[in-house]
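Okay, thanks for coming, everyone. Let me put the structure up on the screen, and then I'll walk you through a few parts of it.

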Amino acid sequence: MAMPPAGEQAPGVYRLKVGGFEVTVLSDGNLAIHRPAFAGDAAGIDKLLDAAFLPSGPIPTSVNEWLINTGNKLVLVDAGAGAGTSFPSLGKMHGNLAVAGVDPAAVDVVVVTHMHPDHIPGLLGPDGQMMFPNAVVHINSDEHAFWALAQNRSQAPDDFKVFFDLANAAIKPYADAGKLQLFKNGDQLAPGMTAAAAPGHTVGHSMVRVSSEGVDFLIWGDIVHCAALQFAEPDRQIAFDSDPAMAIANRKKVMEMAATDRILFAGAHLPFPGVGHAAKAGSGGYRYVPLTHAEHY
Ligand SMILES: [Zn+2]
């Protein structure tokens with residue numbers, strides 16, 4: 001029977017079990033990253049990207065968020081680009097949350113890994129009000145201080161100033177309602193969840209360690225922006241890093257730890273659903289091993 005093509009991706013929702021917790025990965029859509037955004041020798045970059053069959057033009061890059069159901073609490077990590085985003089292929093997380101059957105009002109905690117425009121504006125609903133009216137929003141104190149300082153905004157390049165505006169607008173209603181809580185490295189964010197600082201991409205970029213019934217899971221945020229490039233060569237830097245040397249050092253440290261301890265991790269910009277392991281590769285780099293899809297988990 002003739003049927004027109006759907007022409008767009010199906011909802012992006014993926015579930016896995018971590019001990020007694022259920023984790024739901026929610027897609028916010030895709031972001032296009034241009035090859036020149038990756039620093040270093042272009043020939044070396046092209047070689048790795050071509051080997052991964054990635055396009056010579058903009059590279060579609062997943063943007064993922066996570067909902068953790070502890071049994072008692074619903075914890076969302078990152079909020080996506082939001083309904084009002086100027087990125088045409090982002091802002092799908094709210095819809096995917098609905099597909100997952102979750103009422104935003106039931107979310108107790110939102111942890112923000114960092115305050116970039118693909119991670120925080122989705123704290124707001126389409127009307128500019130709190131999308132998660134009953135949630136406390138947790139942000140690293142250094143991260144919050146950086147984006148709150150007007151002097152940092154005025155010193156930023158013009159096309160970067162909107163990052164400050166979006167970040168501050170997203171947290172305002174929560175702060176006004178006394179629902180903004182700042183954390184430091186190692187603080188507990190919710191039962192079984194602690195903050196693990198991994199700065200460099202931004203000043204206070206933080207990962208979330210999830211642990212339940214002896215099973216560990218690391219939500220590593222923006223440690224990687226392109227799996228095809230940065231596992232093999234973790235020295236590769238993306239243009240948006242606030243402190244490139246620190247971002248590289250932390251990427252290596254986190255990958256080494258994940259490979260050595262065989263920890264399952266999830267990344268905001270790993271291809272959806274973006275959950276897997278890191279294996280050491282001969283060259284001193286690593287190999288990304290995505291988790292096998294499981295119908296029953
Ligand atoms: Zn990001």
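Let's start with the sheet. Seven strands make up an open sheet, and the order across it is E1-E2-E3-E4-E5-E6-E7, with mixed pairing. At the edges you'll find strand E1, residues 13-18, and strand E7, residues 180-183; each has a single partner strand, so one side of each has no neighbour in the sheet. From one strand to the next, the twist averages 25 degrees. Before I go on, please keep in mind that this is a predicted model.

Now zoom in on one pair. Strand E5, residues 109-112, and strand E6, residues 136-140, run parallel, and four bridges join them. If you want a landmark there, take Val 110: its bridge partner in E6 is Val 137. And what lies across E6 and E7? That's helix H3, residues 141-148, which runs at about 85 degrees to E6.

Next up, helix H7, residues 244-261.

Which residues of H7 are buried? They are Ala 247, Asn 250, Arg 251, Val 254, Met 255 and Ala 258. Look down the axis of H7 and these buried residues fall within an arc of 130 degrees, so they line one face of the helix. The spacing makes sense if you remember your helix geometry: an α-helix has 3.6 residues a turn, so residues three or four places apart point the same way. Over on the other side of H7, Ala 245 and Thr 260 are exposed.

So what covers that buried set? The cover includes strand E11 (215-219), helix H6 (227-230), and the strands E12 (264-266), E13 (275-280) and E14 (286-290). Coming out of H7, you meet Arg 262, which has a positive phi, near 55 degrees.

Stay in that area for a moment and find Ala 279, which sits in strand E13. Ala 279 and Arg 262 are 17 residues apart in sequence, but in space their C-alpha atoms are 8.2 Å apart. Leaving out residues up to four places away in sequence, Ala 279 touches Ala 259, Tyr 286, Arg 287 and Val 289.

Let me finish with some backbone details in the loops. In the loop between E12 and E13 there's Pro 273. The peptide bond joining Phe 272 and Pro 273 is cis, with omega at about 5 degrees.

Asp 78 isn't a glycine, yet its phi is positive, about 75 degrees. You'll find Asp 78 in the loop between strand E4 (74-77) and helix H2 (93-99). The other one is Glu 213, also not a glycine, with phi near 50 degrees. Glu 213 is in the loop between strand E10 (206-212) and E11.

Where they part ways is their surroundings. Asp 78 counts as buried, because 27 C-beta neighbours lie inside 10 Å. Glu 213, on the other hand, has 10 other C-beta atoms within 10 Å, so Glu 213 is exposed.

That's my tour, so over to you for questions.

Methods:
Residues are numbered from 1 along each chain as its sequence is written. This is a predicted model: local features need pLDDT of at least 70, side-chain atom pairs count only at pLDDT 80 or more; totals for chains, interfaces and linings use all residues. A residue is buried if 20 or more other C-beta atoms lie within 10 Å of its own, exposed if 12 or fewer, and partly exposed in between; C-beta atoms are placed from the backbone. Helices (H or I, at least four residues) and strands (E, at least two) are DSSP runs, numbered from the N terminus. The arc is that of the directions from the helix axis to the C-beta atoms. Two residues are in contact if their C-beta atoms, placed from the backbone, lie within 7 Å. Two strands pair if DSSP finds at least two bridges between them. Axes are lines fitted to C-alpha atoms, for helices over the stretch in contact, and angles run from 0 to 180 degrees between N-to-C directions.
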